Amino acid sequence: MTPDQIADLDRNDPLAGFRERFDLPEGVIYLDGNSLGALPKATAERVAAVVQEQWGADLIRSWNTHNWIGAPRRLGDKIARLIGANPGEVICADSTSVNVFKALSACLQLTPERSIILSETGNFPTDAYMMEGLAHLTSGRVEQKLVASETIAAHLDETVAALLLTHTHYKTGRLHDMAALTAKAQAAGIPVIWDLSHSAGALPVDLNGCNADFAVGCGYKYLNGGPGAPAFLFAAARHHDKVFPALSGWLGHKAPFAFSDHYEPGTGIDRFQCGTPGILGMAALESGLDLMLEADMQAIRAKSQALGDLFIALIEARCPQFELVTPRDCRARGSQVSIAHDQGYAIMQALIDRGVIGDFRAPDILRFGFTPLYTRYRDVADAVDILADIMDQDSWTAPQYAVRAAVT
Ligand SMILES: *Cc1c(COP(=O)(O)O)cnc(C)c1O
């Protein structure tokens, strides 16, 4: 593709206007919004207002006057619009890891006579680790089973209490067929939990259209909520009354301010709250959500697919040293492209040094996330130019690029 053709793509991009709503540093091509979304310009001001005008001036009265107490539900309802859920089916709270635990323990109550919690090998580790914690908590009554992704369907039988799957694979970007797997699991009486960490805000998700049971996901990736932003939990309305929350904190109580000695689950999705929400984190996330809700999700998906296709085509033309790990068919992947190289870590450090920020996932994956609200077609072309130059010059072999940092 010629530079003129790429300039045309940017000129005709219906989402082009969103880029200036983000605070992006000069000279950086940011292809890591799948790991930490960029900073919306409105966020700094919004958070400062909550700190100074609400916390500073109104102090504890803000729980009522600024409706801090309503934040988990309010943000949950906004997230619901991005993932095909109804109002009152999503709560914004805690971390994704904690919400995985809540969803798993809820499923165990729906299927009390079953003992296997099933997932796939090679999933993002926290999902598997939270399963292990539950298995230990129950002294082994509940057992974790991890099977290869392609064999999941063959393991859906009457011993399985819950199926936990990540919709978009964090490393390869591969998408599961949510509708088909949900239907297949439910036919065997198995509730399904979808981890949407790499899907929410990246592509259209239709939880209720798939009759999903539970879902969880991150606020700091495609939702641009800031580092460690609150996460979310979706529970289908039909399940709310059947679950006595395992993490039965006071804010999930029916009447938290009755200060009763005994727990009574709150109404609907409220029971999936646990403790006091982090209001500063909620303020930053709400700013990211408000911005994303202005965009058309179909347009986001179309551009994301085009950016990924362009990246793959340019890499294959210019950098034959890499192996494509992500599905080539854009309908079968999320909003990232991963390529493998056995010197991937050093190559990624050399790229970051030249202003192209992606990330590395052991043992050999270079991962690039495409965030249609602020990634331009020319960013993709420029990133591949720089990568090709690094490979042609062998500049990644410089000793400083071999030093491993704590976070990759
Ligand atoms: C990023 C990610 C998480 C993160 O969990 P935290 O509790 O926010 O650290 C969980 N699951 C998947 C699939 C992820 O990609």
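1. Start on the outside: W55, L59, I60 and L280 make a nonpolar patch on the surface, and together they show about 450 Å² of accessible area. For a patch, residues need over 30% relative accessible area and no salt bridge, with nonpolar side chains (Val, Leu, Ile, Met, Phe, Trp, Tyr) joined within 5 Å and like charges within 9 Å. The areas come from the Shrake-Rupley method with a 1.4 Å probe, and for residues only the protein chains shown count as cover. L280 sits in helix α8 and is partly exposed, at 36% relative accessible area. (Buried is under 20%, exposed is over 50%, and partly exposed is in between, with a 1.4 Å probe and protein chains only.)

2. A quick word on what you're looking at. This is a predicted model, where local features need pLDDT of at least 70 and side-chain atom pairs count only at pLDDT 80 or more, while totals for chains, interfaces and linings use all residues. Residues are numbered from 1 along each chain as its sequence is written, and side-chain values use heavy atoms, leaving out hydrogens and water.

3. Now the domains. The protein chain splits into domain 1 (3-30 + 296-402) and domain 2 (46-294), with bounds from an automatic or database domain assignment. Their C-alpha centres are 30 Å apart. Contact (heavy atoms within 4.5 Å) involves 27 residues of domain 1 and 19 residues of domain 2.

4. Next, the inside. The largest nonpolar core has 54 residues, and I83, L163, W194, L196, L207 and L223 touch the most other members. (Such a core is a set of buried Ala, Val, Leu, Ile, Met, Phe, Trp, Tyr and Cys residues joined through side-chain atoms within 4.5 Å.) Helix α8 (residues 279-293) gives the largest share, seven residues. Helices are DSSP runs of H or I with at least four residues, strands are runs of E with at least two, and both are numbered from the N terminus. Both domain 1 and domain 2 give residues to this core, so it lies between them. Another core, of 36 residues, lies apart from it, and F311 and M348 are among its members.

5. Have a look at L163 and A185 together. Not counting residues up to four places away in sequence, L163 touches L118, I152, L156, A185, I190, P191, V192 and I193. A185, in helix α7 (residues 178-187), is buried at 0% relative accessible area. With neighbours within four places left aside, A185 is in contact with L156, L163, I190 and V192.

6. How many salt bridges does the structure hold? There are 22, each one a side-chain nitrogen of Lys or Arg within 4 Å of a carboxyl oxygen of Asp or Glu. D290 and R46 form one of them, at 2.8 Å, N to O. That pair links helix α8 to helix α2 (residues 41-58), across 244 residues.

7. D270 bridges to R73, with the closest N and O atoms 3.0 Å apart. D270 is in the loop between β8 (232-235) and α8, and R73 is in helix α4 (residues 71-82), so the pair ties together parts 197 residues apart in sequence. The side chains of D309 and R333 also meet in a salt bridge (2.8 Å, N to O). Here D309 is partly exposed at 33% relative accessibility, whereas R333 is buried at 1%. Salt bridges with shared partners also join R46, R74, K78, E286 and D290 into one network.
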